[in-house]
Amino acid sequence: MANEPVSVMFKVYCLSVMTLVAATYTVVLRYTRTVSSTAMYFSTTAVCITEVIKLFLSLGMLTKETGSFGRLKASIVEHVFWSPKELLKLSVPSVVYAVQNNMAFIALSNLDAAVYQVTYQLKIPCTALCMVLMLNRSLSRLQWFSVFMLCLGVTLVQWKPAEATKVQVEQNPFLGFMAIAVAVLCSGFAGVYFEKVLKSSDTSLWVRNIQMYLSGIVVTLAGVYMTEGAQVIEKGFFYSYTPWVCFVVFLASVGGLYTSVVVKYTDNIMKGFSAAAAIVLSTVASVTLFGLQITATFACGAMLVCVSIYLYGLPKQDTTKLPRADTDKEARQKLITV
């Protein structure tokens with residue numbers, strides 16, 4: 001439901017899993033695009049397969065939610081076949097997410113992982129701005145401060161990154177920066193748009209996902225044959241797929257579903273903070289796997305990230321219903337008691 005209450009532990013669980021998935025996804029994706037000795041796979045097919053898997057996972061969750069095949073069929077007929085307007089509405093974020101996912105592959109193929117991580121954090125203030133404009137939501141000064149503190153912390157974490165791998169492919173930094181700029185804009189807009197759709201009705205989360213992934217499959221499949229069609233026809237859809245590539249697709253699929261759950265029960269800013277924590281984890285993983293050395297800037301940045309998460313989570317104080325005199329009096333009494 002739109003305002004279905006959930007426990008704090010459930011929110012923590014979802015954010016924790018999403019953080020781990022995001023951290024692992026970045027490290028493994030960068031590995032498959034720059035280190036793997038096999039021939040390069042088609043990234044557009046990976047994005048398309050991800051949408052297909054997410055569709056089937058959502059169908060499975062909807063089956064569990066409805067409890068019977070009959071109710072499942074009725075729900076799909078009602079919300080998919082007889083709701084063209086809703087499908088059209090959800091096609092907007094599906095197109096934007098498809099562009100974002102493809103841009104991530106292009107960016108990580110042309111930029112160092114650290115540069116990618118730093119620049120991608122621009123999605124947090126972008127998301128906050130979209131929330132204010134599209135959801136009429138207000139953020140306190142402290143929350144705005146914590147958003148920019150987070151960006152500063154992540155920048156410090158990745159300020160002087162050591163080389164994690166020996167890059168084996170030619171890179172185009174300008175193309176990478178353009179790709180990540182597009183991904184940032186897509187992430188902010190699509191996330192808030194999807195949150196608005198989810199929280200504006202009582203339609204099931206899994207129904208909304210099915211509506212979005214159906215459009216996503218069509219869009220990504222068109223993208224495959226528009227960009228790499230001749231090569232895909234010649235070499236095959238799953239050309240050069242290794243277990244690591246399959247793992248990337250799996251992580252992208254699971255991460256997409258957890259993103260939907262997080263958007264449903266928290267908000268996009270919290271999703272952004274989860275991604276920031278994933279950056280720290282992926283850097284730690286790089287230390288273990290690729291021998292990176294932790295610097296003073298990393299330590300300072302990690303501390304800023306933790307503090308910013310704490311500051312954002314502080315509850316807002318609603319003093320609008322209290323007279324000014326009463327508030328001042330209560331404040332003086334608190335000082336006396338202390």
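Rings of Phe, Tyr and Trp (its six-membered ring) pair if their centres lie within 6.5 Å; planes under 30 degrees apart are stacked, over 60 edge-to-face, and the rest tilted. This is a predicted model, where local features need pLDDT of at least 70, side-chain atom pairs count only at pLDDT 80 or more, and totals for chains, interfaces and linings use all residues. Residues are numbered from 1 along each chain as its sequence is written, and side-chain values use heavy atoms, with hydrogens and water left out.

**View 1. An aromatic cluster.** Ring pairs join Y41, F105, F237, F238 and Y241 into a cluster. The count of aromatic pairs comes to ten.

**View 2. The Y41–Y241 pair.** The ring centres of Y41 and Y241 are 6.2 Å apart and the planes stand at 70°, so the pair is edge-to-face. Distant parts of the chain are linked here, 200 residues apart. Y41 sits in the loop between α1 (8–34) and α2 (43–66). Y241 sits in the loop between α10 (229–235) and α11 (243–265). Helices are DSSP runs (H or I, at least four residues), numbered from the N terminus.

**View 3. Surroundings of Y41.** Y41 has a relative accessible area of 4%, so it is buried (under 20%; 1.4 Å probe, protein chains only). R33 lies over the face of Y41, 4.8 Å from the ring centre. For Arg, this needs CZ within 6 Å of the ring centre and within 35 degrees of the ring normal.

**View 4. The F247–F250 pair.** The ring centres of F247 and F250 are 6.4 Å apart with planes at 15°, so the pair is stacked. Both residues lie in helix α11, three residues apart, about one turn of the helix. F250 is partly exposed at 47%.

Terms used: Helix = DSSP H or I, 4+ residues; strand = E, 2+ residues; numbered from the N terminus. Buried < 20%, exposed > 50% of the residue type's maximum accessible area, 1.4 Å probe, protein only.
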